[in-house]
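I opened this notebook to record what I looked up in the structure shown below. The entries follow the order in which I consulted it.

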Amino acid sequence: MKALVTDKSTRGTNRRSFVTKGLLAGTATVGAGLIAGKPASGQALTAPTRGDIAILRFLAAAELIEADMWDQYAELGGLTPGQLPVETAPFTPMNSYQAAFMNLDPDGPQYISSNTLDEQSHVAFLNAYLESKGDPGVNFDEFRTLPSSQADGARNIGRLTNLMKINVDTSWYTRYRSSTNPDFGATYPQAITLTNVPAIPRTNADFGLSNIQAIANIAAFHFGTIEQGGSSLYATLGQKVSNVEVLKITMSIGGDEVAHFLEWVDFAGNSVQPPVAPLAAANGLPGFPNFDLTVNPLLQTNLIFPVPCKFISPNLPKCAVIRPTAQGQIDALGAAKAFIAMGIFVGQSPKFIEFLLELAVEADAAQRTIY
């Protein structure tokens, strides 16, 4: 078990001659600027555009929502220093939900805690960056009104989201095992139907369920749903960015979202293969079949990397990529609608939904400007 880490023209000879002379003449100046870590003389940085700020504001909002969900997962299923899977004084024993995650990966609780810390860092950075540019950032504190789980370990605080009765879109599982691309209109079946189901223990009684593993399995698929959405969102909105520094932000945080997603692809696959699967439906929770028995390439359990697919043009070779990244899918409005469809905002203030959709529309309205 790893220790818990505590710590988003003209071409041809004339052009070549011009470029060469320019490089030779400016070598000292450019080099000095790079060494000092500052733009060279005459290369003043342009400020982020209004569109760039709108994009960052929506990303901050999305990260706040993600962080709120991950906080709840970490409280009940993450790794707490001093916890062991058995009753061993003076240590606190792991609960059965944490143990179920360890059935999916021995480091499962650690990964949940690490993912949570990452999302919290994205929120803090994006809001601080916005404030450094004169924008107040995004604050959802007035909307933290949804109930917490009553199970031991959960903090009794107001939440932005409710994970005790959610809908999980599992089509990402079949999408990334397909050689097709939704950017070209492809659609995908659900890998498994998860509707109106709990992703965290609701009360202490859930810890005693004989099939508590089902709640952990639901969470495993939900983890993938969250992080594949983030991967596509950053890649899609990044195409609208004008400022190079803002582009660096979207590429860098987006890359971290991809890293998260790959772990949860493996995690979800482990929930639908032996020894965890098959798991029979019981106690109002869904069953999880053994996907290895289907011999269906769209359900293959030991794939974590995206299968090469159509990209940019059907006339080009297939390429392994994050998808979708076209407008009108998991762009800002698409991400907001996906959050709503999960059912995580049931009971939320209409004002919150309006605010989120307003942020999404403003982000999607951004247009890339070439300086």
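**Entry 1. Helices H4 and H8.** I began with helix H4 (residues 108–132) and helix H8 (residues 244–270), whose axes come within 12 Å and cross at roughly 165°. I took axes as lines fitted to C-alpha atoms, for helices over the stretch in contact, with angles running from 0 to 180 degrees between N-to-C directions. H4 is therefore roughly antiparallel to H8; angles over 145 degrees count as roughly antiparallel, under 35 as roughly parallel, 65 to 115 as roughly perpendicular and the rest as oblique. Helices (H or I, at least four residues) and strands (E, at least two) are DSSP runs numbered from the N terminus.

I noted that the crossing of H4 and H8 is left-handed, that is, the near helix is turned anticlockwise from the far one by less than a right angle, clockwise being right-handed. On the H4 side I listed contact residues including Tyr111, Asp118, His122 and Phe125, and on the H8 side residues including Ile249, Asp256, His260 and Trp264. Contact means heavy atoms within 4.5 Å. The residues of this contact divide into 10 nonpolar, 4 polar and 6 charged. Here Ala, Val, Leu, Ile, Met, Phe, Trp, Tyr, Cys and Pro count as nonpolar, Asp, Glu, Lys and Arg as charged, and the others, Gly among them, as polar.

**Entry 2. Basis of the model.** I recorded that this is a predicted model, in which local features need pLDDT of at least 70 and side-chain atom pairs count only at pLDDT 80 or more, while totals for chains, interfaces and linings use all residues. Residues are numbered from 1 along each chain as its sequence is written, and side-chain values use heavy atoms, with hydrogens and water left out.

**Entry 3. Overall make-up.** I found 10 helices and 4 strands in the protein. Along the sequence they follow the pattern α-α-β-β-α-α-β-α-β-α-α-α-α-α. Of the 371 residues, 50% are buried; buried means under 20% relative accessible area, exposed over 50%, and partly exposed in between (1.4 Å probe, protein chains only).

**Entry 4. Aromatic pairs.** I paired rings of Phe, Tyr and Trp (its six-membered ring) if their centres lie within 6.5 Å, with planes under 30 degrees apart counted as stacked, over 60 as edge-to-face and the rest as tilted. By this rule the count comes to 23 aromatic pairs. The rings of Phe140 and Phe143 have centres 6.2 Å apart and planes at 70°, so this pair is edge-to-face. Phe140 is buried at a relative accessible area of 1%, and Phe143 is buried at 3%.

Trp172 and Phe261 also form an edge-to-face pair, at 5.6 Å centre to centre and 75° between the planes. Because Trp172 lies in helix H5 (residues 171–175) and Phe261 in helix H8, this pair ties together parts that are 89 residues apart in sequence. Trp172 is buried, with a relative accessible area of 1%, and Phe261 counts as buried at 1%. I also noted a cluster in which ring pairs link Trp70, Tyr73, Tyr97, Phe101, Phe223, Trp264 and Phe267.

Entry 5. Which residues does Asp105 touch, not counting residues up to four places away in sequence? I found Tyr111, Glu263, Asp266 and Phe267. Asp105 lies in the loop between helix H3 (96–104) and H4 and is buried, with a relative accessible area of 12%.

Asn217, in helix H7 (residues 212–238), is buried at 0%. Leaving aside neighbours within four places in sequence, Asn217 is in contact with Leu104, Ser271, Val276, Leu279 and Phe288.

**Entry 6. Helices H9 and H10.** Helix H9 (residues 332–341) and helix H10 (residues 350–364) pack at about 155°, with axes 7 Å apart. H9 is therefore roughly antiparallel to H10. The residues of their contact divide into 10 nonpolar, no polar and 1 charged.

**Entry 7. Backbone.** Most residues other than glycine have a negative phi, and most peptide bonds are trans. I noted a cis peptide bond from Pro274 to Pro275, with omega near 5°, and another joining Ala277 and Pro278, with omega about 5°. Pro275 lies in the loop between H8 and H9, where Pro278 is also found.

Asn196, in strand E4, has a positive phi of about 55° and is partly exposed at 47%. Val295 has phi near 50° and counts as exposed at 72% relative accessibility.
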